[in-house]
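Good morning, and thank you for making time for this. I would like to take you through one structure, and I ask that you keep the sequence and the model in view as I speak.

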Amino acid sequence: MVKFILALIFFLFSSIAGAQVHEFVLKNGLKLLVKEDDRAPIVVSQIWYKVGSSYETDGTTGVSHVLEHMMFQGTRKHGEGEFSRIIAENGGSENAFTGSDYTAYFQTLEKSRLPISFELEADRMRNITLPQEAFEKEIEVVKEERRLRTDDNPNSYLREVANATAFQTSPYRQPIIGWMADLESMDVADLRSWYKKWYAPNNATLVVVGDIEADDVYKLARKYFGRLKGEVALPPSHRPEVEQQGIKRVIVKRPAEIARLTMAYKTPALKSALQDNSSVEKWEPYALEMLSGILSGGSSARFASRLVRGEEVATGVNSSYNLAGRLDGLFVISATPAQGKSIEELEQAIRAQINELKSSEVAEEELQRVKAQVVSSDVYEKDSAFYQGMILGTFETVGLGWEYAEEYVEQISAITAEQVQEVTKKYLNDNVATIAVLEPISMDRESSGQGAVLPGANSNE
Amino acid sequence: MNKFLTLLLLISFNTSAAPEIQHWQTSKGIDVYFVETHQLPMIDLQLVFDAGSVRDPINKRGLSQITNSLLSQSADGLNADQISFEFERLGAEFGTSGGYDSAGISLRSLSDAALLDTALTNLRRVISFPDFPAEILERERNQVLVGMQRKLQSPRSISSERFYEAIYQGHPYAYPNEGTAESLADITTDDLKKFHAEYYTSNNVMISIVGDLDRARAENLAETITKDLNKGKQPGVFPQVSSQAKEQIIKVFHPSTQVHILIGQPGMKYGDADYFALYVGNHILGGGGLVSRLFEEIREKRGLSYGASSYFSPRRELGPFLSSISTRQDQADEALTVLRDTISEYIQNGPSVAELKAAKKNITGGFPLRISSNRKISGYVSVIGFYGLPLDYLDKFNEKIDAVTIDEINDAFKRRIDVNKFVTVLVGPVEDDK
């Protein structure tokens, strides 16, 4: 029955296989990807720059993200805030995001208004003014953002420490938002050189999804972006991670109520598997994605079924792995203990699950279940033009190429139980593990020992 | 010239006509709202019960939410593993959600009959025959308690709990959905069974369906999934919220680097006579994303906070009007002053002609974005059905927005919002009031 179901889902999937991706490259090196989707009279336009926190160096961490903020502070042609006002007047929604491997800007608009987005994005690709006064204000906004998201959130804080502990030399150790000390010492000159270096047509991908014709978009792109000058070809920043020689353990003591456990294992990205003479087989990253699905892809997955229900040792356990990274990353398991259960018990329970996966193959029906979910999700994701753009932009910007996004479902579908077992054995080992624990300390004013404020909080003397 | 512009506007509206919502009642009298769309082979189904935490007995706060989340943990003799596997092996996504006004069940599935029918059979069991065994209640209770503890480490969660408690004084909206540690301790499996029998009934539910079905299949679907529901009674009167806020300042110490500031009062309800005036008015004040008075004054001019917005969150009764920011301790007083002054000034003098024009262009020009996916349409259809909004709500949306005048905004804000009656909550490195 299960097999039949999966065959049926695949059949449905192949019969609707989505719109094709049109690729163009302008003379100045700007790559354009267009996906036609006429479900709604809208268009999503995203511009992706190959720069993010993993391109940064010690002393100026966070500069990519601060620059993202400053991209809204005006160009020679459009004054401060005008970008957002024009988009708003045209009924658009917009924003931007920064990751380890990319910085991206997007607008969603009624379809006839795409030229407005192109004109504004082309303008700010080369012409922002970076006024000193706006910077002094905006850097304070970013510090508040860091306090909000990381410093005052014990789980985020733990994640930041776990990451910085797991990676010793890889730039993935740096937080996207940057260390507070680096934000304190940053100046406009840092931003100016960062902008000059990375914001050029030959370092960007323009992704457009919506009710538009690919050729028309190409013409528009040439009109608005075509005259921009490229920069000298940019070497990708890459300092590899040194080989880890044994388990790393770190404890974070913060005012909190609930303990938390993070277990992170070094794992290859798909990009590594594709290199010549790689020790990583091409299927391995897909098997790691499958492994994550087996463990935490739904309420019937092993963690929910066995640890949250079953043993009742956790209130929540999650795993995550992302094959679409520019550099090798982590397979991360994060968990919160159930009432009356210790972090040690929780860690042992998770280890027992990992050991079982090493010693015996997963059941065929578990494998089929994850495949059914992956295929169905691919259909559901077509409900969102924005999400379709996200996938193309990510795969392209990390250097895989969007074609790999297109074959994801097919590759996952080919994974066997034996391969899942093999990657568990190969990668989920103590030698490459980092185990980080949040140990709550009292949140009372007196016993948290902080006086009124945490150290480092008050920074603007 | 004017005529020409009107014509252009009409054309651009027509390119994004609102989806047609079909409405009928099942043989049991259940209201069904249906949008037929065949572009993708999938459906989104929602069942919305008038079984939110407003229906909690006074000494059993949290009963609604725990009942809702236990439905899929054991039903018709199947355990949680079997129920969830039965959905997930089909690639179907099943979810439950408990709120103040309602408790929902949702299903996203491929529309192929063999898959969808299997998922629906499972769904029918879950809503009709939940088992509520004692050991599962125990497990869930412990989970909820951990969740409550986790909220205590979040200054934002603490500030909103204290805020609701103060603006809703004794109304069910004043309590957290999940209840309190004390109220939870008193809940028994009999309470769950009784709550389910009383509120998960055909008299107390509406259905929204969006997706790849024809009318006949949709009708059949609505009949089948509800065939085992008992008729039940009409639920009792929904308690009214008093709009009479009382000014109050609440300070709570928290060992955080920022002070979280939350201000506001009871706001408006769905179907409110002032709905569009308050909606457009707030868009200019703090609802317009990166373009609004609050964003400009708090963030763009002064860099005081990462977030700076205000919103009305309508409910069946008066939902909250609120605005929140977070900033480091030494500038918390300044930030609060700017926040209050900006709102005060706006209530006093209202928006400019240019601001109103820009806001209307943003809201109406962005209409196609509101209905650009099945998920978004499904959200609107459920709200329209559950709150009894007119079926042409989406068709008339732009028209209503365009009709709002400066006088209406001024009048509505002056009557409804009063900074001198705001509840103000500060959570962070501050002196407690205690």
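I begin with Asp190(A), which, leaving aside its neighbours within four places in sequence, is in contact with Thr60(A) and Val63(A). Two residues are in contact here if their C-beta atoms, placed from the backbone, lie within 7 Å. Please note that this is a predicted model, in which local features need pLDDT of at least 70 and side-chain atom pairs count only at pLDDT 80 or more, while totals for chains, interfaces and linings use all residues. Residues are numbered from 1 along each chain as its sequence is written, and chains are lettered from A and ligands numbered from 1 in the order in which they are written.

Asp190(A) is found in helix 8 of chain A, residues 188–198; helices (H or I, at least four residues) and strands (E, at least two) are DSSP runs, numbered from the N terminus. Between the C-alpha atoms of Asp190(A) and Gly297(A), which are 107 residues apart along the chain, the separation is 42 Å.

Let me turn to the domains. Chain A is divided into domain 1 (20–225) and domain 2 (248–441), with bounds that come from an automatic or database domain assignment. Their C-alpha centres lie 28 Å apart. In the contact between them, 30 residues of domain 1 of chain A meet 27 residues of domain 2 of chain A. On the domain 1 side, helix 6 of chain A provides the largest share, nine residues. By class, that side has 16 nonpolar, eight polar and six charged residues. Here Ala, Val, Leu, Ile, Met, Phe, Trp, Tyr, Cys and Pro count as nonpolar, Asp, Glu, Lys and Arg as charged, and the others, Gly among them, as polar.

Next, helix 9 of chain A, residues 214–225. Its 12 residues reach 16 Å from first C-alpha to last, close to the 16 Å expected at 1.5 Å a residue; the expected span is 1.5 Å times one less than the number of residues. Which residues of helix 9 of chain A are buried? They are Val217(A), Leu220(A), Ala221(A), Tyr224(A) and Phe225(A).

Between the chains, the contact takes 65 residues from chain B and 67 residues from chain A. On the chain B side, helix 5 (residues 134–151) gives the most, with seven residues.

Finally, two backbone details. Glu312(A) has a positive phi of about 50° although it is not a glycine, and its place is in the loop between helix 12 (302–310) and strand 9 (314–320) of chain A. Gln169(B), also not a glycine, has a positive phi of about 25°.

Technical notes: Buried ≥ 20, exposed ≤ 12 C-beta atoms within 10 Å, placed from the backbone.
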